Amino acid sequence: MAYIEPYTGAWSTDEAAHLGRRAAFGFRPDEQASRAAIGLSDSVDALVDYPAQDAALDAAIQSLPTTADNDLIRNPTGKRSLQGWWVFRMVYGNQPLQEQLTLFLHDTLVSEWAKVASGVSTNVNNGNDGSITGQTCTTGTLAPDSSRRGQIILRLMRDQNELLRQEGSGAYEELLRLVTRDPAMLIYLDNRLNIKGKAQENYAREIMELFSMGVGNYTEQDVQEIARAFTGETINTSCAADFPYNYLYNAAQHDTNSKTVFADTFNFAGAGQDTDHVISLIVNRISGASVSPAHSTLPATAVYMAWKLITWFVNEAIPIDHPAVPEFADYFYNNQPNGYRYDVREFLRALLKSQLFWDPAYRHTMYKSPADFLAMSLRMLEVRETSFSSQVGSYLNGMGMDLLEPPNVGGWLHGTPWINSGSIIRRYNYGNRLSGTSIATDAYCDAFTTNAIVSGTTDHAGLVEFFRARLIQTDLRPSDQSVLMNFLQVIESGSGSATSKFRRKVRGLIHLVMATPQYQLK
Amino acid sequence: MSIKRRTFLKTGLSAMAYFSAAATTPNWIIRSAQALQSTCMDDGRIFIIVQQAGGNDGLNTVIPRTDPIYYAPTTRPKIGIPQGAEINLDGLNGLHPKLVQLADWYQRGNLAVVHNVGYLNPNLSHFTATDYYEFGYVPGQLAPLQGWAARFYDNACLGHGDPQALFMAATGKSSIPNTFFVPTNYTPPAINSPSEYVFAASNDSALRLQAIHDLNSSGTVLPEIDFLQRSANVAEASVADIAVAAATPLLVSSGSYPTGSLGSGLQLASQIIRAGFKTRLFYVSQGGYDTHANQAAQADPINGGDHATLLDTFDKAIGAFLTEMDLSGNLGRVVLMTFSEFGRRVNENGSLGTDHGAANCLFVAGGGVAGGVYGGQPDLVNQIRGNLAYKVDFRSVYSRVIESWFGQQASPVFGSDIYSQIIAPDLPKIPFIRGNVGANGWTLQ
């Protein structure tokens with residue numbers, strides 16, 4: 001039990017910074033100082049014990065001054081602005097672990113915006129919402145209303161995101177039940193169309209392969225039987241009900257023949273009971289001797305999900321057969337401090353306090369995801385992005401992470417797949433964007449001297465040290481230190497007023513430090 | 001287990017010349033020097049890999065138009081292509097009605113269909129199956145650390161000098177595909193949007209860009225840092241070339257390339273080729289083939305539903321690319337191969353779709369291709385759990401390209417045992433590369 005045991009080693013600003021990079025989106029300097037002061041256990045607890053709602057953030061968003069961008073964060077209208085709404089929460093929220101977990105869950109319990117959108121009928125009209133009296137739903141009576149349709153799509157994706165945010169830290173088994181009946185998921189993996197007699201397998205396969213046990217722990221026969229068990233779990237899209245696009249159990253389309261899954265034969269009469277039973281079977285299914293890795297006592301879901309969480313928070317390259325995985329899987333399944341298995345919040349508490357998480361070999365070895373890179377930069381530099389509602393999503397897309405639009409049902413590939421010539425150019429260019437005069441304003445630059453952050457406009461070492469501590473958070477390579485110092489010296493030697501040269505130095509450093517290889521890691 | 005989280009080839013690290021170290025910087029990083037250019041695969045042949053991600057329904061792509069089982073009322077009563085609507089190729093096979101340009105290329109002798117491609121004990125997971133195709137291995141084997149084309153590159157090109165930055169290119173993509181991940185001394189670029197493939201610097205531009213270059217030029221022993229520096233190096237070495245390529249005028253009318261990753265990827269590939277850069281391997285991708293539902297519209301299985309839309313895009317993108325290759329005199333230099341991780345279930349489901357299947361057909365096209373239908377007809381009688389059985393290992397298809405198109409050895413790429421036991425027996429079934437191309441001039445069309 002070497003990996004899950006609590007870490008008892010050094011605790012300093014460096015450790016607090018590591019916790020911030022992995023379990024938050026970086027700590028702001030004030031957060032980092034307060035975490036460093038209260039120690040590891042309290043710091044982790046402060047991250048883990050968050051309420052379902054970040055009320056202070058919600059209030060702050062409501063009181064943002066009226067601008068076009070702020071208004072779209074208050075009331076997103078489409079994919080780009082909903083992306084901005086989410087990143088705004090990552091940057092300015094008081095519960096950053098909640099947003100990391102929401103991102104993990106979005107990347108695990110995947111739905112793609114485009115597919116969900118394609119599942120909302122283009123015939124959606126004003127229906128019976130009361131805005132038009134005396135109309136009926138007869139086809140052709142009312143013209144399609146694309147704006148209304150867009151609102152439904154937005155609501156489906158936003159509701160799923162909020163479901164993951166508010167329920168994600170509870171019991172994972174319960175989350176699976178909720179996600180199974182989430183309207184966006186019912187559209188995305190087609191279960192809304194899964195009917196008796198001609199079942200289809202999309203959700204049955206992916207819930208086992210990607211949402212719980214991992215590939216290899218079930219047979220093709222199991223897939224087909226579970227597909228039958230899931231028949232009738234659908235959504236209500238009827239015009240007569242005013243296009244609710246909400247969950248509906250359609251008993252008339254549920255297969256009432258007996259099903260056999262993992263040698264368990266069942267056939268329940270109640271609404272959704274077959275589905276609930278299948279999810280129980282899945283999460284309690286022991287990983288068999290025929291699969292890899294084989295565990296004679298641990299459920300495959302405990303192993304697979306513990307591993308996925310470890311790869312998210314510790315290192316993406318840790319293999320599923322690493323000896324730490326069964327320790328955490330056992331804890332996930334058998335430890336029930338709140339009376340239920342698969343307690344995500346308690347799992348995270350144990351993980352973030354564990355010797356595995358604090359192994360120095362893993363520090364600064366994970367590639368930041370684009371969301372990490374972008375949100376951390378804004379949070380740690382304390383600069384204000386001026387276009388959450390369009391530029392943030394656009395840059396994330398260019399870096400390879402179109403939030404709310406994962407590439408496929410498997411989510412994004414982490415680690416080296418984030419890095420390539422095109423994505424790295426976009427990362428550097430986002431650094432250039434932040435260094436621009438509208439974001440790194442004159443006042444932002446001048447604060448370095450007026451607040452005595454550096455001792456004067458020619459204190460180059462002080463400036464480099466400031467950005468090293470803020471962004472890199474480990475030793476700069478001597479070669480990089482030389483490059484940055486040389487850059488400052490060239491500007492200093494050139495023409496221009498002291499004030500203007502100093503601003504160019506600050507802006508240049510933001511751009512350049514964000515372009516160091518080290519800053520791509522966390 | 002899926003090798004979703006790929007790692008570096010550890011064995012290569014100690015011996016590898018870190019080209020981010022100044023002393024071993026390849027010549028294309030030092031912009032002025034062009035001395036030791038690669039002589040590998042230097043006769044101008046090009047190979048384009050087209051991924052159809054999600055599992056393309058081969059039976060509705062190339063329809064076995066004389067097979068009574070295809071038309072039986074229990075098979076595909078709602079989504080089957082109605083008899084007579086397909087575009088006849090050879091009597092036995094017909095293309096989906098949306099594949100009008102591919103049908104023309106077939107008539108010209110530049111399109112091959114390879115049926116029954118797959119492998120033993122197929123996996124119906126998208127990700128496991130895609131890994132098999134991209135890394136070039138099968139169930140029961142240890143997963144290789146490099147994609148099959150990266151191994152092919154290493155085997156053919158290591159020791160032959162430094163490649164151009166654009167030697168391999170993933171176009172229309174925001175990531176390097178596993179197929180290309182990652183040669184030992186070279187990191188392929190990924191170019192999603194040429195207009196965004198530009199280093200921006202709002203102020204002190206030359207100074208900042210020089211510093212960015214310098215920040216990525218130090219020696220390192222950390223593989224993560226090394227990979228980051230290589231990626232930055234190849235970006236720096238390719239931005240000017242991409243700008244030149246993107247300015248190359250279209251030879252087809254505006255709008256001929258459909259919007260989306262496949263159309264933009266093939267358009268850029270064509271521009272790179274026509275601009276004269278020595279790219280030898282391209283990778284482009286089209287997603288959306290996981291048609292469990294709404295594959296076809298009941299009222300109109302020819303034009304309605306997702307598969308018709310997907311194949312329409314597929315046809316227009318490949319058609320525009322081949323047309324531009326033809327008009328620019330490059331058709332004889334190119335071979336294009338499609339692949340998908342699996343085919344789909346023979347019988348439709350109840351959602352106007354099909355579930356995951358096994359063996360599949362693929363296309364090979366270009367001036368170097370001997371058109372025709374290879375691999376035998378799909379056997380709808382002897383299904384395995386409702387899926388098609390394979391007759392041609394997918395690695396044999398790759399090997400045909402490696403050997404007959406590039407004149408390189410396939411055995412080191414897939415292993416000598418695999419080669420002798422599986423690939424060598426397959427190769428006579430799939431002679432889809434013309435035997436007499438390769439002379440200078442590339443007149444063969």
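Q: What is a nonpolar core, and which residues have the most contacts inside the largest nonpolar core here?

A: In soluble globular proteins, nonpolar side chains tend to be buried together. A nonpolar core is a set of buried Ala, Val, Leu, Ile, Met, Phe, Trp, Tyr and Cys residues joined through side-chain atoms within 4.5 Å; buried means under 20% relative accessible area, exposed over 50%, and partly exposed in between (1.4 Å probe, protein chains only). In this predicted model, the largest such core has 280 residues, and A:Y172 and A:F467 have the most contacts inside it. Helix α15 (residues 300–313) of chain A supplies the largest share of this core, eleven residues. A second, separate core of eight residues includes B:Y70, B:I81, B:V346 and B:A359.

Q: With which residues is A:F467 in contact, leaving aside its neighbours within four places in sequence?

A: Contact means heavy atoms within 4.5 Å. On that basis A:F467 touches A:L381, A:F448, A:I472, A:V506, A:L509, A:I510 and A:V513.

Q: Is A:M305 buried or exposed?

A: A:M305, found in helix α15 of chain A, is buried, with a relative accessible area of 1%. Apart from neighbours within four places in sequence, its contacts are A:F104, A:T108, A:Y172, A:F211, A:S212 and A:F332. A:M305 and A:I320 are 15 residues apart in sequence, and their C-alpha atoms are 9.9 Å apart in space.

Q: How is the burial pattern of a helix read, and which residues of helix α12 of chain B are buried?

A: An α-helix has 3.6 residues a turn, so residues three or four places apart point the same way. Helices (H or I, at least four residues) and strands (E, at least two) are DSSP runs, numbered from the N terminus. In α12 (residues 416–426) of chain B, the buried residues are B:I418, B:Y419, B:I423 and B:D426. Seen down the helix axis, they fall within an arc of 90°, so they line one face of α12(B); the arc is that of the directions from the axis to the C-beta atoms. On the other side, B:D417 and B:Q421 are exposed. The cover over the buried residues of α12(B) includes β12 (392–393), α10 (394–405) and α11 (411–414) of chain B.

Q: Which residues are buried in helix α16 of chain A?

A: In α16 (residues 324–334) of chain A, they are A:A324, A:V325, A:E327, A:F328, A:A329, A:F332 and A:Y333. Among the elements that cover them are α10 (172–180), α14 (273–284), α15, α17 (344–352) and α18 (355–358) of chain A.

Q: How many aromatic pairs are found over all chains?

A: Rings of Phe, Tyr and Trp (its six-membered ring) pair if their centres lie within 6.5 Å; planes under 30 degrees apart count as stacked, over 60 as edge-to-face and the rest as tilted. A search of the whole structure gives 43 pairs over all chains. For B:Y153 and B:F167, the ring centres are 5.5 Å apart and the planes at 75°, so the pair is edge-to-face. B:Y153 lies in helix α5 (residues 148–157) of chain B and B:F167 in the loop between α5 and β6 (168–171) of chain B, so the pair ties together parts that are 14 residues apart in sequence. Both B:Y153 and B:F167 are buried.

Q: Which residue lies over the face of B:W405?

A: A charge sits over a ring if NZ of Lys or CZ of Arg is within 6 Å of the ring centre and within 35 degrees of the ring normal. B:R45 lies over B:W405, at 4.9 Å from the ring centre, and B:R395 lies over the face of B:F394, at 5.8 Å from the ring centre.

Q: What is the backbone angle phi of A:F243?

A: Phi of A:F243 is near 50°, a positive value in a residue other than glycine. A:F243 sits in the loop between β1 (233–236) and β2 (246–249) of chain A and is buried, with a relative accessible area of 7%.

Methods: Residues are numbered from 1 along each chain as its sequence is written. Chains are lettered from A and ligands numbered from 1 in the order in which they are written. This is a predicted model: local features need pLDDT of at least 70, side-chain atom pairs count only at pLDDT 80 or more; totals for chains, interfaces and linings use all residues. Side-chain values use heavy atoms; hydrogens and water are left out.
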